[in-house]
Amino acid sequence: MFLRKISGIFPAGFGLRLSQKFVFLLFLSGFITLCFGTLFLLPDTSKFRRIFLSSTQSQNGERLHNYASKKMNKKNVEDQKSLLRNTNQEKWRSKDKFDVDIKPLGFLASNYETQKEDVSLNREHIVAQKNHADFVFDYKAFKKSLKYPPLGNQPEPNDPAIREKRNRIKEMMKFAWDSYKRYAWGENELRPVTKDGHFGSLFGGLKGATIVDALDTLFIMDLEEEFEDAAKWVENSLDLNVNGEASLFEVNIRYIGGLLSAYYLSGKEVFREKAISLGKKLLPAFSTPTGIPRGIISLGNGLNWSWGWASAGSSILAEFGTLHLEFLKLSELSGDPVFIEKVNTIRRILKKMEKPHGLYPNYFSPVSGSWVQHHVSLGGLGDSFYEYLIKSWLMSAKQDNEAKGMYYEAVEAIEAHLIRRSAGGLTYIAEWRGGILDHKMGHLTCFAAGMLALGANDAPDKKTNHYMELAAEIANTCHESYVRTGMDYPSHLLMVE
């Protein structure tokens with residue numbers, strides 16, 4: 001009776017006309033495609049795991065999914081397997097062997113001896129059996145070995161203009177610090193307009209990012225009272241027992257970097273202890289088939305994954321390439337070589353990788369060990385990798401020749417393929433996108449001016465003046481971004497051609 005009341009449909013043989021049958025089948029096929037697409041093409045679901053995985057894997061995958069939610073962007077089956085193995089604490093192993101004979105600079109211990117031994121390169125962790133139980137880092141001996149004291153020994157400049165600028169900078173720092181202390185003490189950031197604290201989501205539940213990050217600046221500026229307040233907060237309130245999702249890169253450069261620099265300046269033991277403890281929490285991020293760390297780690301259980309926006313579950317060059325300085329010092333202060341071994345693995349892989357035109361792409365697969373895209377930039381995603389190469393050379397008292405060689409090779413490739421001059425006379429650094437140059441000064445590219453100037457003095461082939469001039473030209477182009485916007489801050493991107 002129902003079908004009889006529907007216009008144009010007859011009950012006999014279901015009574016559908018040819019055109020109606022076509023529409024119905026088209027709708028049905030679309031619905032089936034949508035269902036299968038949801039099952040196989042969208043990110044994994046708990047139902048999918050229960051159907052296709054064993055019970056143990058399903059339970060582990062369920063916990064992993066519930067914890068990471070949409071942020072765990074598993075692009076392929078191999079990456080999924082890697083995450084499950086990480087959860088089960090299974091071991092990835094390589095047949096490769098290498099000798100570890102590393103004595104990081106600054107090791108000062110009477111009973112410490114570097115032992116040369118064969119060590120298996122484990123793809124989740126490097127098995128290194130070294131006896132560092134008797135290790136002691138003597139800060140007083142370290143301080144005496146310095147050519148200059150931590151704060152230098154230069155008298156006040158005679159030029160009143162320079163003194164005025166220094167005092168003005170110090171006043172600006174004190175104003176910013178006092179405002180943070182008044183409105184957002186203990187929070188990660190201060191919202192200057194609403195005058196309240198902002199916790200943020202990059203630090204995995206750690207608090208006080210501004211305090212830790214500012215420790216060395218407060219000390220160097222001789223703001224003694226402010227430094228002591230910050231040190232007391234670190235000792236009494238910086239809780240490392242957190243369970244959130246953290247950016248490996250941000251925690252390393254801000255927390256570990258801040259604590260390490262504060263220790264080397266002041267000698268306060270609390271900074272050393274907290275830096276080493278936090279460094280150990282980051283080690284599971286290196287639990288990948290290649291040893292290249294993923295970008296996000298849970299500080300509670302060590303689970304790690306790549307950023308959801310990163311191409312095909314990639315690790316980012318500027319993130320895993322910006323660990324070397326801090327991790328070397330963690331080994332130096334702890335006597336545990338595991339930290340320097342982790343970053344030496346990164347350097348070894350990057351050095352032997354084939355690089356398009358000598359350039360380092362920004363996306364690297366920690367699973368397959370290959371570049372994912374040929375996108376090269378000295379701006380965001382790539383910038384600090386090059387900066388850490390030249391700083392590694394300088395911080396090693398100019399003994400880390402490997403870092404020096406990689407840096408100048410990269411600079412030569414950058415100059416040959418990325419540095420361009422516009423019709424208007426501006427020198428800029430373009431981006432390389434799969435063989436096509438993108439002619440704009442990208443976000444954070446202005447940092448390259450300082451990076452080039454930093455390495456100019458040791459440039460080969462008497463190119464010191466050349467690199468200084470190049471750095472000045474790029475800095476001038478960055479200044480144009482202020483001029484063209486007519487504001488007190490640069491534009492995000494500057495089109496130059």
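Two strands are taken to pair if DSSP finds at least two bridges between them. Strands (E, at least two residues) and helices (H or I, at least four residues) are DSSP runs, numbered from the N terminus. This report applies these terms to a predicted model, in which local features need pLDDT of at least 70 and side-chain atom pairs count only at pLDDT 80 or more, while totals for chains, interfaces and linings use all residues. Residues are numbered from 1 along each chain as its sequence is written, and side-chain values use heavy atoms, with hydrogens and water left out.

**Sheets**

Three strands form an open sheet in the order β5-β6-β7, with antiparallel pairing. The edges are taken by β5 (245-247) and β7 (304-305), each with a single partner strand, so one side of each has no neighbour in the sheet. Within this sheet, serine 247 has isoleucine 296 in β6 as its bridge partner.

An open sheet of three strands also occurs with the order β11-β14-β15, again with antiparallel pairing. Here β11 (375-376) and β15 (436-438) are the edge strands, each with a single partner, so one side of each is left without a neighbour in the sheet. Arginine 433 stands opposite isoleucine 436 in β15.

| Strand pair | Sense | Bridges |
|---|---|---|
| β5 and β6 (residues 296-298) | antiparallel | three bridges |
| β14 (residues 431-433) and β15 | antiparallel | three bridges |

**Helix packing**

Helix α10 (residues 269-282) packs against helix α12 (residues 324-334) at an angle of about 120°, and their axes are 10 Å apart. Axes are lines fitted to C-alpha atoms, for helices over the stretch in contact, and angles run from 0 to 180 degrees between N-to-C directions. The two helices α10 and α12 are therefore oblique to each other; angles under 35 degrees count as roughly parallel, over 145 as roughly antiparallel, 65 to 115 as roughly perpendicular and the rest as oblique.

In contact (heavy atoms within 4.5 Å), Arg272, Ala275, Ile276 and Gly279 of α10 meet Leu330, Leu333 and Ser334 of α12.

**Disulfide**

One disulfide is found in a search of the whole structure, the term denoting a pair of cysteine sulfur atoms within 2.5 Å. The link joins cysteine 446 and cysteine 478, whose sulfur atoms are 2.1 Å apart. Cysteine 446 lies in the loop between β16 (440-441) and α16 (447-454), and cysteine 478 in helix α17 (residues 464-485), so the pair ties together parts that are 32 residues apart in sequence.
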